[in-house]
Structure formats: structure tokens, C-alpha cells
2 protein chains.
Amino acid sequence: MSTRRKFIQATAAGVAASVISPRISGETAFAPFSKTATKSPLNLGIAGYTFAKFSIEQSIAIMQRVGIKALSIKDFHLPYDCTKEKADEVKAKFAASGITIYAAGVIYMKTNEEVDRAFDYVQRAGINMIIGSPTIEVLPYVEKKIKLTGIRMAIHNHGPEDKLYAGPKEIFDQIKSLDSRLGICLDIGHCTRALQDPVKAVMQYSSRIFDLHIKDLLKAIPEETPTELGRGIIDIPGLLQALYKISFTGMCSIEFERDMTDSLPGIAESAGYFRGVNKMLSLQ
Amino acid sequence: MSTRRKFIQATAAGVAASVISPRISGETAFAPFSKTATKSPLNLGIAGYTFAKFSIEQSIAIMQRVGIKALSIKDFHLPYDCTKEKADEVKAKFAASGITIYAAGVIYMKTNEEVDRAFDYVQRAGINMIIGSPTIEVLPYVEKKIKLTGIRMAIHNHGPEDKLYAGPKEIFDQIKSLDSRLGICLDIGHCTRALQDPVKAVMQYSSRIFDLHIKDLLKAIPEETPTELGRGIIDIPGLLQALYKISFTGMCSIEFERDMTDSLPGIAESAGYFRGVNKMLSLQ
């Protein structure tokens with residue numbers, strides 16, 4: 001389909017939305033917005049690596065301050081070899097502040113034993129999605145484990161240095177014929193560094209986008225230049241619009257990798273920017 | 001013009017933008033947004049009262065962190081009786097971090113002498129707008145001073161407890177037949193507490209809106225319930241859309257009045273939200 005044709009279809013959808021919106025009436029001189037969103041907003045979370053320099057308590061305090069209730073946990077807060085009791089204790093700490101742990105990772109897997117360990121770990125913790133980076137060799141075993149457990153895995157792209165999964169294209173090429181519960185955790189920063197457009201990736205691999213690591217970069221170069229959401233070169237409005245288009249119901253998790261020992265202001269600004277764009281799109 | 005007609009015009013502009021944007025090429029499957037805004041974005045500043053608990057150095061550090069370059073200064077950072085040398089010194093401190101002082105206030109004036117003091121103060125400091133709260137009795141003298149000096153005054157609404165200027169309506173009623181350089185600093189929080197709609201106020205008093213204090217409230221009750229921009233009940237998207245409609249070129253200054261000794265995260269989140277909504281509107 002041509003770009004033009006798709007654009008016209010998007011426009012038609014927009015017209016339909018404006019017709020059904022109760023706030024837009026003939027006699028209103030100026031009222032393009034409704035306080036009531038016409039679409040469900042996207043969900044905002046935090047990717048656990050953001051808290052690499054913080055304790056669980058500090059991480060909870062930051063999440064409470066910025067009003068974010070979903071976390072993809074990293075092993076430094078929940079070790080792979082934790083007991084079920086330890087996992088319950090950690091989850092209870094977060095739950096006491098209204099925070100849900102919706103995934104765990106990124107978990108690297110090079111052998112079937114490491115795949116077993118990852119699945120055992122999230123099962124023990126009662127988490128139903130792994131953010132993973134398995135080698136190509138273990139993918140058949142990963143698929144087998146998914147069929148056995150029902151646990152989903154979102155493979156994470158880690159940029160041009162990642163020999164397996166530089167961008168979402170490399171992930172999709174590996175998983176497209178495998179179980180539909182094997183998908184992509186689209187890291188929009190590493191995707192951009194791999195010179196792949198994250199907006200296009202959302203549309204092209206829509207059914208396999210399970211999770212997102214959202215961030216911004218000052219430049220689209222191999223070296224990382226992290227910055228607050230909205231200050232960089234990544235097309236955040238376009239990305240969120242694409243996620244609305246595919247009716248994405250997963251998490252958009254902020255992964256903030258600047259000032260990592262003093263990141264609350266940057267996380268807060270990023271959350272605010274996401275919410276501003278998200279609000280506007282929910283009204284369209 | 002009908003809503004439908006306006007929508008179609010906006011769409012046509014969008015098509016044009018997509019054609020001229022270098023990022024959006026023919027083979028793009030999905031590209032509703034252009035990285036190049038089609039409209040000038042609104043300007044973001046800080047209202048000095050935000051920094052009531054901070055030194056000049058702390059205030060500068062916060063503004064640098066959140067990337068805001070315009071300040072309406074309060075007297076606790078630049079006393080009314082300051083010398084020209086002191087004013088130059090304070091301005092130079094801000095200027096060294098790229099920050100411009102675009103106004104001073106809120107300044108209260110009950111006598112002609114206090115009006116003189118306010119105008120002398122900003123003239124000495126080289127600032128060309130007063131955010132003021134003059135009594136009704138001194139308004140003729142204020143007008144005379146405006147004609148003499150060319151300095152503008154934006155009168156600030158302070159909510160239901162303010163016997164003179166509860167909302168923008170009370171200001172407009174007093175100034176509508178006076179010099180056009182006498183206007184309104186629309187405080188959207190106090191406006192909402194006075195049960196006046198700030199979005200309507202922007203449209204109704206458009207030519208007299210010189211400055212804004214932007215904030216959010218959890219509830220539209222007389223008591224203040226300040227919160228981060230986007231978390232409350234004020235229609236920020238509608239407000240910014242109205243400001244685009246009137247081609248507002250002044251400042252939208254965050255006045256953050258919560259956690260005032262630890263307000264950086266709240267200021268940052270508010271700045272992010274403003275920028276997200278602003279970005280979306282600049283693309284429409």
C-alpha cells in the first residue's frame with residue numbers, strides 16, 4: 001500500500017473519531033479537546049536497569065514520586081537464585097506501594113541450562129514474561145519452554161555491538177516462524193543506534209511487540225548519548241502514534257541511563273513528556 | 001469555519017509537512033509525524049515564586065537541569081531597593097547560564113509611591129514587564145507610568161481570596177478601556193479556583209494575555225491542591241491549543257508550589273508534560 005493511501009486511511013479514521021467525540025459540536029467556537037479521552041492511553045512503566053545504582057527502597061521511592069506503577073525487574077533486585085520466599089518478599093515490598101512487577105530481565109541465555117534457570121526463576125517469582133537475550137542455538141529450547149509453561153519471552157535488541165540482535169529486524173527474522181508468544185522488547189534507543197526506525201518497527205512487527213524500553217538520544221550514532229524523553233532525536237510522538245495504531249496494550253517502560261546515581265529529575269521529565277504526548281493522542 | 005473543514009485543512013498541512021521532511025521518504029510505511037514542527041512552539045519559563053525556598057545559585061542549577069531559559073524574577077532574588085550594580089550582578093549570574101529575566105513580580109502596589117517604586121525598580125534592572133497587583137485606585141497612575149516608560153504590566157489573578165482580582169474577568173473589566181500595554185498574567189490555578197475556565201479566558205481576553213503562570217490542581221476548590229502538570233483537573237491540552245489559536249508569543253511559566261524545598265522532580269515532570277503537549281500541537 002502506498003504511503004499516501006495509508007495516510008488517507010489514517011485521516012479517515014481521524015475524521016470518524018472527531019465525529020463521535022461529544023465535545024466537538026457545531027456551535028462550539030473552540031473546544032477541540034475533551035477531558036474524557038476517546039482512546040485508552042498507553043501504559044507507562046519502568047525498565048529495571050534504570051535503578052542499577054539504587055536499592056529496592058530507593059527505587060520504590062522514585063516510582064512513587066513519579067507515579068509509575070509497573071516495573072520490569074532486574075536481577076540486582078531479584079537474584080536468579082532467589083527462593084520463592086525471597087521473591088514473595090521483594091514483590092510484597094513493591095506491592096505495598098501499589099507497584100506490580102510485570103516482567104523480569106534482560107536475562108542472557110547461552111545454554112539450555114540457562115534457559116531452564118530463567119524460566120524456573122520467573123515461575124518461582126510468579127512473573128509471566130521474560131525480557132531475554134537467548135543465543136540463536138537455544139531458541140528451539142526457548143520455544144519448547146514457552147509451550148510448556150505459557151510464559152512469554154520478549155527478546156531485547158541491544159544495538160550495533162549486539163552480534164545477535166542489533167535491532168528488531170534481527171529478532172523478527174529469528175522468531176517469525178516460532179511460537180507467537182515469542183516476541184520483541186523494542187529498545188528504541190538501541191534500535192535507533194542500529195539505524196533502524198523504531199516507528200517503522202512497531203508497524204512492521206506489530207504482533208510481536210510485547211514490551212518497549214523507551215528513552216531518547218541526542219544523536220543517532222553507535223555511541224550512546226542518552227537524554228530526557230523529548231530532548232533528543234527519537235520521534236516519540238510518531239512512536240506513540242504507531243503504538244495507538246496497533247492498539248498496543250503492553251508496557252512502555254522508561255529506561256533512563258543518564259545521571260544514574262541522580263536520575264529522579266530525568267525520569268520525572270521523561271514521564272511528564274510521555275504523559276503529555278500520550279494525553280494528546282488519547283484525545284485524537 | 002466548520003470543524004470538518006478545519007480538520008481537512010490541518011490534514012493538508014500535514015501532507016505538505018510530510019513531503020518536505022527529509023526523514024519521511026516514499027517507502028515509509030507509517031509516518032504521520034514530521035520531525036520538523038509546522039508551527040512555532042510555545043515558550044516555557046519559570047515563575048520566580050517557584051524558587052521561594054532556594055538561593056539564586058540553586059535556582060539556576062534547577063533551571064539548567066530542566067533546560068528552561070526564561071525567568072520572571074521575585075524580589076527575594078532581586079530586592080526592590082537594589083542598586084543598578086546589584087541588578088546587573090544578579091542578571092549576569094543568570095545570563096552566565098543562558099537564562100534571561102523577562103519580567104519581575106508579582107509586585108503589589110497600593111499607592112502612587114509604590115507604583116513609582118515598581119517602575120523605577122524594573123527600569124533600573126532593565127526589565128520591560130511588571131507582573132503586578134495594583135489597587136483599583138492606582139490604575140490611572142499605572143497607565144500614566146506605562147505611557148511614560150513603555151514598560152508593560154500584566155496583572156496577576158490570585159483566586160477567590162483576592163478581593164480585587166479573583167480571576168481574569170475581574171482584571172479585564174478594570175483594564176479593557178485602558179492602555180493596551182496593561183494586560184493579564186493568567187494564573188491558571190487561581191483562575192480555576194475562582195471557577196473561571198482558563199481555556200475560555202485565553203480566547204476571551206486574548207489581546208490582553210501577556211504572561212501565564214501554569215500549574216495543575218488536584219481539585220477545583222478554593223483551597224489550593226497543587227500537583228504536577230498533567231496529574232490534575234486543569235485542561236492543559238485545551239489551554240495550550242487556545243494559546244496556539246491566539247498565536248501567543250509570551251511565556252508560559254511554570255509556578256510549582258508543592259514540595260517547595262524539594263521541587264526539582266515536580267518541576268521536571270511539569271516541564272516534560274508541557275513539552276510533550278507543546279510538541280504535539282506544533283506538529284498539528
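**Questions on a predicted model**

User: In which strand of chain B does B:V106 lie, and what is the omega of the peptide bond from B:G105 to B:V106?
Analyst: This is a predicted model, and in it B:V106 belongs to strand β3 of chain B. Most peptide bonds are trans. The bond that leads from B:G105 into B:V106 is cis instead, with omega near 10°.

User: Which residue does a cis peptide bond join to A:G105, and where is the place of that residue?
Analyst: In chain A, a cis peptide bond with omega of about 5° joins A:G105 to A:V106. The place of A:V106 is in a strand that covers residues 100-109 of chain A, namely β3.

User: Which members of the largest nonpolar core touch the most other members?
Analyst: In soluble globular proteins, nonpolar side chains tend to be buried together. Here the largest nonpolar core holds 152 residues, and those that touch the most other members are A:A104, A:L186, B:A104 and B:L186.

User: With which residues is B:L186 in contact, leaving aside its neighbours within four places in sequence?
Analyst: B:L186 is among the residues of the largest nonpolar core that touch the most other members. Once neighbours within four places in sequence are left aside, the contacts of B:L186 are B:N157, B:P168, B:C191, B:P198, B:A201, B:V202, B:I209 and B:L212.

User: Within what arc do the buried residues of α4(B) fall?
Analyst: Helix α4 of chain B runs over residues 112-125, and its 14 residues reach 20 Å from first C-alpha to last, close to the 20 Å expected at 1.5 Å a residue. Its buried residues are B:V115, B:A118, B:F119, B:Y121, B:V122 and B:A125. Seen down the axis of α4(B), these residues line one face of the helix, because they fall within an arc of 155°.

User: What is included in the cover of the buried residues of α4(B), and which residue follows the helix?
Analyst: The cover over the buried residues of α4(B) includes α3, β3, β4 and α5 of chain B. The residue that follows α4(B) has a positive phi, near 70°, and is B:G126.

User: Is B:L195 buried or exposed?
Analyst: B:L195 sits in the loop between α7 and α8 of chain B, and has a positive phi of about 60° although it is not a glycine. Because B:L195 has 12 C-beta neighbours inside 10 Å, it counts as exposed.

User: What phi does B:D259 have?
Analyst: B:D259 is found in the loop between β10 and α10 of chain B, and with 15 C-beta neighbours inside 10 Å it counts as partly exposed. Although B:D259 is not a glycine, its phi is positive, at about 45°.

User: With which residues of chain A is B:M280 in contact?
Analyst: B:M280 is found in helix α10 of chain B, and is buried, with 26 other C-beta atoms within 10 Å. Leaving aside neighbours within four places in sequence, B:M280 is in contact with A:P237, A:V277 and A:M280.

Key: Residues are numbered from 1 along each chain as its sequence is written. Chains are lettered from A and ligands numbered from 1 in the order in which they are written. This is a predicted model: local features need pLDDT of at least 70, side-chain atom pairs count only at pLDDT 80 or more; totals for chains, interfaces and linings use all residues. A nonpolar core is a set of buried Ala, Val, Leu, Ile, Met, Phe, Trp, Tyr and Cys residues joined through C-beta atoms within 7 Å. A residue is buried if 20 or more other C-beta atoms lie within 10 Å of its own, exposed if 12 or fewer, and partly exposed in between; C-beta atoms are placed from the backbone. Two residues are in contact if their C-beta atoms, placed from the backbone, lie within 7 Å. Helices (H or I, at least four residues) and strands (E, at least two) are DSSP runs, numbered from the N terminus. The expected span of a helix is 1.5 Å times one less than its number of residues. The arc is that of the directions from the helix axis to the C-beta atoms.
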